[in-house]
Amino acid sequence: MSRDESSPAVPSHWSRAGAGEHYAGNRWRDTRARERDVRLLERVLHGSKLRDHDPQQLRRILDVPCGAGRLTPFLSSLGTTTGVDVSPQMIAVSIGQRTRASAFALPFVDGAFDLVVCCRLLHHLTTDEDRVLLLAELARVARGPVALSYWDAASWHAWRRRRGLRKGHDTRVPIPRRQLARLLGDVGLRIQERAHSMRFVSPQTWVLAVPE
Ligand SMILES: C[S@@+](CC[C@H](N)C(=O)[O-])C[C@H]1O[C@@H](n2cnc3c(N)ncnc32)[C@H](O)[C@@H]1O
């Protein structure tokens, strides 16, 4: 894949045959695990009181990467949701309005969305250069907040990885929260809300970032 298509740092296994079906099903241990990101996303949105304000605020929502559409039912309950993913395998199984494109080159005008959601992509990027490219593109198409997940370096999981105590090859990259705040600051966003499933244990963390 070229950079126009995707970041070279992002693994390509999501484009293999069957990747969409796997992500829609067996990828998750159980329904609770599958739904965990929705619960965390709800928490950052609630924390920001966004959902208690004018419902018109969330008319247009971007879900990138949408994968197999795991977040679609929840996001569609808030507003008109467009899913974007670079993988044809994912697009084929995802539901609702969707477009195949790279998160690094989104085919939308500046400020096209009231809310931009980015779940489980940032921790696949290995350099700050790529992270800033992604965050800048998300910020460009957002008129309002950007909700995104990342892997928190201050977690038991990440600590065990650093110590070589976890078995198996894992390319996902945890980053410290200060580093994330700095990268968001570089693209004109600041963190307003944060949610963890288990603080200091689980690496998966959500933040709601708003324009500075
Ligand atoms: C870990 S999955 C997460 C999918 C979805 N957000 C979810 O949580 O169910 C990562 C997704 O990123 C997509 N992806 C990888 N590189 C991408 C890129 N440059 N632009 C858009 N999507 C990309 C993959 O195809 C895959 O669907």
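Predicted model: local features only at pLDDT ≥ 70, side-chain atom pairs only at ≥ 80, totals over all residues.

Two strands count as paired here if DSSP finds at least two bridges between them. By that rule β6 and β7 are partners: 7 bridges join them, and the two run antiparallel.

**The overall layout**

The protein chain has 7 helices and 7 strands. Followed along the sequence, these elements come in the pattern α-α-β-α-β-α-β-β-α-β-α-α-β-β. The radius of gyration is 16 Å, close to the 17 Å that the globule rule gives for 212 residues, so the chain is as compact as a globular protein of that length. Along the principal axes, the C-alpha atoms fill a box of roughly 50 × 35 × 35 Å. Of the 212 residues, 39% are buried. If we take contacts between residues at least 6 apart in sequence, 62% of them join residues at least 24 apart.

**The sheet**

In what order do the strands of the open sheet stand? The 7 strands are arranged as β3-β2-β1-β4-β5-β7-β6, and their pairing is mixed. At the edges are β3 (97–100) and β6, each with a single partner strand, so one side of each has no neighbour in the sheet. Ignoring direction, neighbouring strands are turned by 25° against each other on average.

| Strand pair | Direction | Bridges |
|---|---|---|
| β1 and β4 | parallel | 3 bridges |
| β4 and β5 | parallel | 3 bridges |
| β5 and β7 | antiparallel | 6 bridges |
| β6 and β7 | antiparallel | 7 bridges |

L62 has V116 in β4 as its bridge partner, while V117 is bridged to A147 in β5. Moving on to β7, L148 stands opposite V207, and W151 has Q204 as its bridge partner.

**Helices against the sheet**

α2 lies across β4, β5, β6 and β7, and runs at about 35° to β7. α5 lies across β1, β4, β5 and β6, and runs at about 155° to β4. Together, β4, α5 and β5 make a right-handed β-α-β unit.

**What is packed inside**

In soluble globular proteins, nonpolar side chains tend to be buried together. In this model, the largest nonpolar core has 48 residues, and those with the most contacts inside it are V44, V116, V117, C118, L138, V146 and A147. The elements that give two or more residues to this core include α2 (31–47), β4 (115–118), α5 (128–141) and β5 (146–151), as well as α7 (177–186). A second, separate core of 6 residues includes W14, A19, Y23 and I91.

Which residues does A147 touch, leaving aside its neighbours within four places in sequence? A147 is in contact with L41, V44, L45, L115, V117, W206 and L208. Among these, V117 is also the residue whose bridge partner is A147.

**Two backbone details**

Most residues other than glycine have a negative phi, and most peptide bonds are trans.

P65 sits in the loop between β1 and α3 (72–76).

R120 has 17 C-beta neighbours inside 10 Å, so R120 counts as partly exposed.

Definitions and conventions: Residues numbered from 1 in each chain as written. Core = buried A, V, L, I, M, F, W, Y, C linked by C-beta atoms within 7 Å. Buried ≥ 20, exposed ≤ 12 C-beta atoms within 10 Å, placed from the backbone. Helix = DSSP H or I, 4+ residues; strand = E, 2+ residues; numbered from the N terminus. Contact = placed C-beta atoms within 7 Å. Rg over C-alpha atoms; globule rule 2.2 N^0.38 Å. Right-handed = clockwise from strand over helix to strand, strands pointing away. Axes fitted to C-alpha atoms, helices over the stretch in contact; angles between N-to-C directions.
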